[in-house]
Structures are given as structure tokens and as C-alpha cells.
Amino acid sequence: MTQTYLLPEYDVIKSARPVNVSSVPQRSPFRYPGGKTWLGPLFRCWMFSFQTEPKRLIEPFAGGGIISLTTAFEGLANEVVMVEMDRQISAVWKTILSDDAQWLAKKILNFELTPETARAELNKTPNTDRDLAFQTIVKNRTAHGGILAEGAGILKHGDGKGILSRWYPQTIAQRITNIEFIASRIKFIQGDAFEVMAKHQKQTDTVFFIDPPYTAGGKRAGSRLYNHSEVDHEHLFAMCESLCGDFLMTYDNAEEVRALAKCHGFQSKAVPMKNTHHAEMTELLIGRDLDWVEDGGVFREESPAYHLGSQKSHRNISPSKKKR
Ligand SMILES: C[S@@+](CC[C@H](N)C(=O)[O-])C[C@H]1O[C@@H](n2cnc3c(N)ncnc32)[C@H](O)[C@@H]1O
């Protein structure tokens, strides 16, 4: 009797140790549900796998934007385009990438967070992007799991520190200031992922990192986490097929997603990772060719050689540089 039906139809990376999120630099001012900080080392390997350095990276579902920030800070592409539909998240990115970045940083440093001041701030109706940005940061840091979707509850217990347990004003303000150094490399678009992807569809020097909200396959987590959680996944896969540049997608490791990938002729690999509760799980990477995934040292720790505002590229720290 043949056993082939027992073989997984997708690869699981076996040799790798799960990446602990704490070993990767936290550059985003958000604590974002489904954030991709843990993917940093793998993402770098992907960016180093190209014969020619990509000119532009587009992140069409930006959220907390850690992959865009990694690209901009490390000079992995000349230009970064972040796209996000949510108005609260957009207000934060627009403010940080504008002349109001220091206004926001100071406002965070000067805010005395208590349950009362948080409630008063969250009950306001902001009239400007920068006011909405500040309210969004307060909400993100005081809501359970950083969830900005309607109906998210405020932290009561946290790590025994209640509402203060995720409020690190110095750190958040410093991250905003750091991003200001590289703001000229980043373009932010408040809009629809599909429209921006279509606009850049024919560009061979553009690559796409795609991390959509996932609500299909019976796992409806995305609908509780994000205000915009409905995505036509079939359309997204078809769009990816039509891109002239390369792309890397991440998804929940669900059978339906693996089937979609197969149907469009893409490869899938399940990557072990640890989530913020230290639970080990797998996420799916999807691309046209994932051979680079096993190309050495993927799950190494972040190099400490990381300088703010440095124009020097850090490409030479990649083990897969040999390939270039
Ligand atoms: C899984 S999250 C991205 C997380 C991100 N990779 C990170 O590291 O923080 C998906 C994001 O896509 C946004 N989104 C949903 N539909 C969108 C659309 N059509 N266009 C742009 N953004 C969209 C959601 O608001 C959400 O922030």
C-alpha cells in the first residue's frame, strides 16, 4: 500500500530553531496583532536572494509596518511604499512621516497615563491626523493585545501593572524619532492594497511583501483583530500571479491557503515561530520560488551592528551574500 497520501503537500522547515521575537529589533511604535517582527531574519534572506537589488519594496497591508521599517533602516531597497486602509493606523504613519513627528513624540512623553486619562483621551473625537495619531497610540498601548478594531477592551491587569503594562513612553518616542531619520526613504499611502499593487504590477524592479488579514478557512481571527479584515484571497493570489516583480506572502498555515497557493503554481513553506505567549506554531510563507529559505543561517539572531541614520548598507552581514 502506498503511503504518499500521508506526506505533507508543503514543506516544513525542519532544521530551524523558532525565532524568538525578543531577539529581533523592535522598530515599530505599534504593538500590532499579527505583527511580523519575528520574520525579520527570513525577510532579509529573501531580499538578499536577488541577483539585482530591488529598487522598491511595497508592503500593501502595512499594519505595524515592521518589514517596511526593516527595509528602510537597513537600506535593503532604495524606496519603501507602505499601504494601509485603516484610518487610525494611517494617521500614525502620516504623522510620523511628517513634520509632526516630534509633536507626537513629545505628546507621548508628556502624557500621564491613568485609567481616567486614557478613558478621557479615547472618548475624544480627533479633528486632525496628529490628534488621531496620538489617540491611536494610546489605544494601541492600552487595549488588549494592541487591538484597534471596534469593541477592543482596555487592559485591566497587564503584567500586574494594569493599564501601564504596555506604556513605555520613552521607547515609543525614541522609535518615532528613529523613524524620522529614515522618513525620506518611506512613502505612505492611505488606500487600497489592490489598487497600489495594480499600479506597480509591471515593474520588474519592485518587490512586494504581502501580509493580509486572514479570515478564510474557518479561522476568523482576523475579523476580531482589524477594522478591515475582508480580503478577496483568490483575487489577491491572481494579482500576485500577474506581478512582474517578485513577492513574498505570509498567511496562517491553513489547508485552504495551501490549496490556493498550489492552484496558482506557488510554493508554500511552514515556518516555526514563537508567538508573544511563547507558544510554538507555524506560519506559511508563499512565493514563486522559496529555495532561498533553506539557504543558510536563516534563524540567526539579529546583528548588533545596527546604526541609526547610517547610510551604509548592512548587506554584508547576510550569510547568503555568497550567492550574489
Ligand atoms: C495582518 S495585518 C498586517 C500586519 C503587519 N504585517 C505587521 O507586521 O504589523 C493586515 C493589515 O491589512 C490592513 N488591510 C486590510 N485590508 C486592506 C486593504 N484592502 N488595503 C490596505 N490595507 C488593508 C488591515 O487594516 C491590517 O492592518
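Reader: Before we start, how are the axes and angles of helices defined here?
Author: Axes are lines fitted to C-alpha atoms, for helices over the stretch in contact, and angles run from 0 to 180 degrees between N-to-C directions. Keep in mind that this is a predicted model.

Reader: Okay, so how do α4 and α6 pack?
Author: Helix α4 covers residues 101–110 and helix α6 covers residues 129–142. Their axes are 10 Å apart, at an angle of about 40°.

Reader: Is that roughly parallel or oblique?
Author: Oblique, because the angle is about 40° and angles under 35 degrees are what count as roughly parallel.

Reader: Left-handed or right-handed crossing?
Author: α4 and α6 cross in a right-handed way.

Reader: Which residues make the contact?
Author: From α4 you have W103, L104, K107 and I108. On the α6 side, R130, A133, F134 and I137 take part.

Reader: Let's zoom out. How many helices and strands are in the chain?
Author: The chain has 11 helices and eight strands. It runs to 324 residues, and 38% of them count as buried.

Reader: What about contacts between residues 24 or more positions apart?
Author: Those account for 69% of the chain's contacts with a separation of 6 or more.

Reader: Now α3: how many of its residues are buried?
Author: Seven of the 10 residues in helix α3 (residues 87–96) are buried, so to speak mostly covered. The buried ones are I89, S90, A91, V92, W93, T95 and I96.

Reader: Switching topic: where is W46?
Author: W46 is in helix α1, residues 40–48.

Reader: Why does W46 count as buried?
Author: Because W46 has 24 C-beta neighbours inside 10 Å, and 20 or more is the cut-off for buried.

Reader: Which residues does W46 touch?
Author: Leaving aside residues up to four places away in sequence, W46 touches L248 and W292. There's also D291, 245 residues from W46 in sequence, yet 9.6 Å from W46 in space, C-alpha to C-alpha.

Key
Residues numbered from 1 in each chain as written. Predicted model: local features only at pLDDT ≥ 70, side-chain atom pairs only at ≥ 80, totals over all residues. Helix = DSSP H or I, 4+ residues; strand = E, 2+ residues; numbered from the N terminus. Buried ≥ 20, exposed ≤ 12 C-beta atoms within 10 Å, placed from the backbone. Contact = placed C-beta atoms within 7 Å. Parallel < 35°, antiparallel > 145°, perpendicular 65-115°, else oblique. Left-handed = near helix turned anticlockwise from the far one by under 90°.
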